Structures are given as structure tokens and as C-alpha cells.
Amino acid sequence: MAETVKVLVPEEDVAKRIKELGEQISKDYAGKQVHLICVLKGGVFFMCELAKRITVPVSMDFMSVSSYGDGTKSSGVVKIAKDLDETLEGKDVLIVEDIIDSGRTLYYLMDILAKRKPKSMKLCTLLDKPERRVKDVKVDYVGFNIPDEFVVGYGLDYAQRYRNLPFIGVVEGVE
Ligand SMILES: O=P(O)(O)OC[C@H]1O[C@H](OP(=O)(O)OP(=O)(O)O)[C@H](O)[C@@H]1O
Ligand code: HPA
Ligand SMILES: [Mg+2]
């Protein structure tokens, strides 16, 4: 069977939900500056769209953590491939992720970042797959809860492809 992508969350629904999240975050951080941390590579599309919908002052930094390699299963080994440029001390940090799946990546990452003494630290994810959780992670903002399927698009890849799809999809026809 040829590899195809079935739409799970259409582009319009993603855009609408990101706008709502931006409004909620703007209310919750009223009078503050929010320091967005993008978890590369997957978080980059969501972070750009979310940042445009936040009306309080925003600063941004980027880091890259990898545990999936090119497959569909987490190796359980989380590596920092690129660290943040700036310190977190005294900042109101909001980590922006594409997906929380097993929870391993964020469990590990939040533990490291908490040691850098942010004033506050919250987590915002576009997608959450609660059924797959292995490590307990507190998620403050969720775009969509999704079923246990391997998804692509809006930053999410399968073997590094499909990140650029403007919707969330499920790849069919792969083993
Ligand atoms: O909850 P988990 O099971 O840990 O999975 C979630 C993480 O896995 C993916 O990243 P990946 O390591 O594939 O790197 P990428 O963002 O560069 O694709 C995704 O972007 C999350 O960061
Ligand atoms: O469902 C997924 N798709 C792509 N990358 C991922 N990383 C964790 N879960 C997923
Ligand atoms: Mg990935």
C-alpha cells in the first residue's frame, strides 16, 4: 500500500485553537513578559503561530532535544543537541512543544530547566496523547487531546518528512 496522509485535525481547526490558546495565555500572563522556549524541531511551527497570538511582551529561545531518531518509537534516551542561548533565572518560562507522547522528553527537560531557577515554568503543547504516558508530566495548556496514533504535520515528522504539512495527519501504509 502506498504511503498516504489522512487528515486528523484540519488546518482551520488548528489555527482556531492556537488563537484561543494565545488569548488564554495573554490573560494568564497579564502584566508580565512571557519567555517562550521552543523545543526543536517539532515545536517550531506551533511556537511561531502561537507567539503571533500572544498580546503580552514575548521573548523567545530555542533548544533541541531528541529521543525518537527517525522511527516511530522513543528510544528512551533523551539527548540535548542544542542548548538555550539565554539564562532562565527570574523569567516566566513557557515551554512550547508539538506533542507530549510518552512524556519522557518533557519529564527530562523540565527537570533540567527547573534547576536554572525560572520565576515560573509552564508547559504548552499543541497535541497530547494521554493514553501513551509513561512519565508523568503536568501540562498547563493543550491544543488537542488525540488518540494513540502516530501523527505528522505542523512540525511533527515521520523520518524527518511531513513537518511542513499545514494540518495534523496520520500516515497510512507504513509498517
Ligand atoms: O513524549 P515523548 O514520547 O518524549 O515524545 C515527544 C517528543 O518527541 C518528538 O520529538 P523528537 O525527539 O522526535 O525530535 P524532533 O522534535 O526533532 O522531531 C516531539 O517533538 C516531542 O519533543
Ligand atoms: O505521533 C508522533 N508523531 C511524530 N513524532 C512524534 N514524537 C512523539 N510522538 C510522535
Ligand atoms: Mg520527531
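# Chatting through a predicted chain

Trainee: What share of the contacts with a separation of 6 or more comes from residues 24 or more positions apart?
Mentor: In the chain, 67% of those contacts. Two residues are in contact if their C-beta atoms, placed from the backbone, lie within 7 Å.

Trainee: And what sort of model is this?
Mentor: It's a predicted model, where local features need pLDDT of at least 70 and side-chain atom pairs count only at pLDDT 80 or more, while totals for chains, interfaces and linings use all residues. Residues are numbered from 1 along each chain as its sequence is written, and chains are lettered from A and ligands numbered from 1 in the order in which they are written.

Trainee: How many helices and strands are there?
Mentor: Three helices and nine strands, laid out along the sequence as β-α-β-α-β-β-β-α-β-β-β-β. Helices (H or I, at least four residues) and strands (E, at least two) are DSSP runs, numbered from the N terminus.

Trainee: What about the radius of gyration?
Mentor: The chain has 16 Å, which agrees with the value near 16 Å for a compact globule of 175 residues. That radius is taken over C-alpha atoms, and the globule rule is 2.2 Å times the number of residues to the power 0.38. Along its principal axes the C-alpha trace spans about 55 × 35 × 25 Å.

Trainee: How much of the chain is buried?
Mentor: 30% of the 175 residues. Buried means 20 or more other C-beta atoms within 10 Å of the residue's own, exposed means 12 or fewer, and partly exposed is in between, with C-beta atoms placed from the backbone.

Trainee: Which residues have the most contacts inside the largest nonpolar core?
Mentor: Leu94, Ile95 and Val96, in a core of 35 residues. A nonpolar core here is a set of buried Ala, Val, Leu, Ile, Met, Phe, Trp, Tyr and Cys residues joined through C-beta atoms within 7 Å. Elements supplying at least two residues each include helix H1 (11-28), strand S2 (34-40) and strand S5 (92-100). S5 gives the most, with six residues.

Trainee: What does Ile95 touch, leaving aside neighbours within four places in sequence?
Mentor: Ile95 is in contact with Ile37, Val39, Leu123 and Cys124.

Trainee: OK, helices. Which residues of H2 are buried?
Mentor: Phe45, Phe46, Met47 and Leu50. Their cover includes H1, S2, S5 and S6.

Trainee: And in H3, which ones are buried?
Mentor: Arg104, Thr105, Leu106 and Leu109. The buried residues of H3 pack against S2, strand S3 (58-66), S5 and S6.

Trainee: How many bridges join S8 to S9?
Mentor: Two, and S9 covers residues 168-172. One partner pair is Val152 with Gly169 in S9.

Trainee: What surrounds ligand 2?
Mentor: Eight residues, the closest being Ile99, Asp101, Phe150, Val151 and Leu156. A residue is near a molecule if its C-beta atom, placed from the backbone, lies within 6 Å of it. The shell divides into six nonpolar, no polar and two charged. For those classes, Ala, Val, Leu, Ile, Met, Phe, Trp, Tyr, Cys and Pro count as nonpolar, Asp, Glu, Lys and Arg as charged, and the others, Gly among them, as polar.

Trainee: Now the backbone. Where's the cis peptide bond?
Mentor: Between Leu40 and Lys41, with omega about -10°. Lys41 is found in the loop between S2 and H2.

Trainee: What is phi at Lys117?
Mentor: About 55°, positive although Lys117 is not a glycine. Most residues other than glycine have a negative phi. Lys117 is in the loop between H3 and S6 and counts as exposed, with 12 C-beta neighbours inside 10 Å.

Trainee: And where is Ala159?
Mentor: In the loop between S8 and S9. Phi of Ala159 is near 50°, again a positive value in a residue other than glycine. Ala159 is partly exposed, with 13 other C-beta atoms within 10 Å.

Technical notes
Pairing = 2+ DSSP bridges.
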